[in-house]
Each structure stands twice: as structure tokens, then as C-alpha cells.
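Here is a short briefing on one protein chain. Look at the sequence and the model first, then read the points below.

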Amino acid sequence: ARARMMWHEKAGGILVATGLPPAPEGKAYQLWAIAGQGAPVPAGVFTVDAGGTGSLQVPPLPGVTRVDVFAVTLEPAAGVPAPTGPMFLAGKSA
């Protein structure tokens, strides 16, 4: 799997992911913004098509002024306040 995240702290951003396996029934992928040793901040939930491609428009995240890492986990479809599922992607913010 691969992803590209374009991010601006005041404008938000967009995530485009490819190569992810289709999520099982009742599950979806969730994006997390992580700064330093702080707790991951939920940044949205998305699904992928049969080819494993999906995208997510991310609004500015309240209280988040810096992101060191974006990560994607598999979670319940409604999303969760903290990661519980397996991590599929993680990448440093440039």
C-alpha cells in the first residue's frame, strides 16, 4: 500500500491511498495525525474501491498545530477516538 498526504495546518489537506485491501464488512480505514509523543488525533474515516484506492478530504484539525506522522489503521466503520486496529500505512509529514 502507498499513500500521499498533502497537508496545511490552517487549510487541512487530502489523502490519496492505493493498494489497500478492501475493508471487511463493518470496517473502514481511519487516518490519524500524530505529533511527537502525543496521542493520535482522529483525522477522518475512508473506504477504498475494489482496486484498493481511496481518498479523504481532511479539514483543519482543532488544536493541531504540528503533525510529525500520519498513519492509517483499520477500524470500525464509524471510526474510533483512539486507534485499536492494525496499522496499514505510516509516513512522516514533510
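The protein chain has 0 helices and 7 strands. Here helices (H or I, at least four residues) and strands (E, at least two) are DSSP runs, numbered from the N terminus. Along the sequence, the pattern reads β-β-β-β-β-β-β.

This is a predicted model: local features need pLDDT of at least 70, side-chain atom pairs count only at pLDDT 80 or more, and totals for chains, interfaces and linings use all residues. Residues are numbered from 1 along each chain as its sequence is written, and side-chain values use heavy atoms, with hydrogens and water left out.

**Strand pairing**

- Strands β1 (residues 2-8) and β2 (residues 12-18) run antiparallel and are joined by 7 bridges. Two strands pair if DSSP finds at least two bridges between them.
- A hairpin of 3 residues links β1 to β2.
- Strand β2 also runs antiparallel to β5 (residues 54-58), with 5 bridges between them.
- Ile-14 in β2 stands opposite Met-6. Ile-14 also stands opposite Gln-57 in β5.

**Overall size and surface**

- The radius of gyration, taken over C-alpha atoms, is compared with a globule rule of 2.2 Å times the number of residues to the power 0.38. The chain has 12 Å, which agrees with the value near 12 Å for a compact globule of 94 residues.
- Along its principal axes, the C-alpha trace spans about 35 × 25 × 20 Å.
- Of the 94 residues, 33% count as buried. Buried means under 20% relative accessible area, exposed over 50%, and partly exposed in between (1.4 Å probe, protein chains only).
- The chain exposes about 5,400 Å², and carbon and sulfur atoms supply 58% of that area. Accessible areas come from the Shrake-Rupley method with a 1.4 Å probe; for residues, only the protein chains shown count as cover.

**Contacts across the sequence**

- Contact means heavy atoms within 4.5 Å.
- Take the contacts between residues at least 6 apart in sequence: 57% of them join residues at least 24 apart.

**A look at Pro-81**

- Where is Pro-81 found? Pro-81 lies in the loop between β6 (69-76) and β7 (87-92).
- Is Pro-81 buried or exposed? Pro-81 is exposed, because its relative accessible area is 69%.
- Beyond its neighbours within four places in sequence, Pro-81 is in contact with Trp-32, Pro-40 and Pro-42.
- Pro-81 and Thr-65 are 16 residues apart in sequence. In space they are 19 Å apart, C-alpha to C-alpha.
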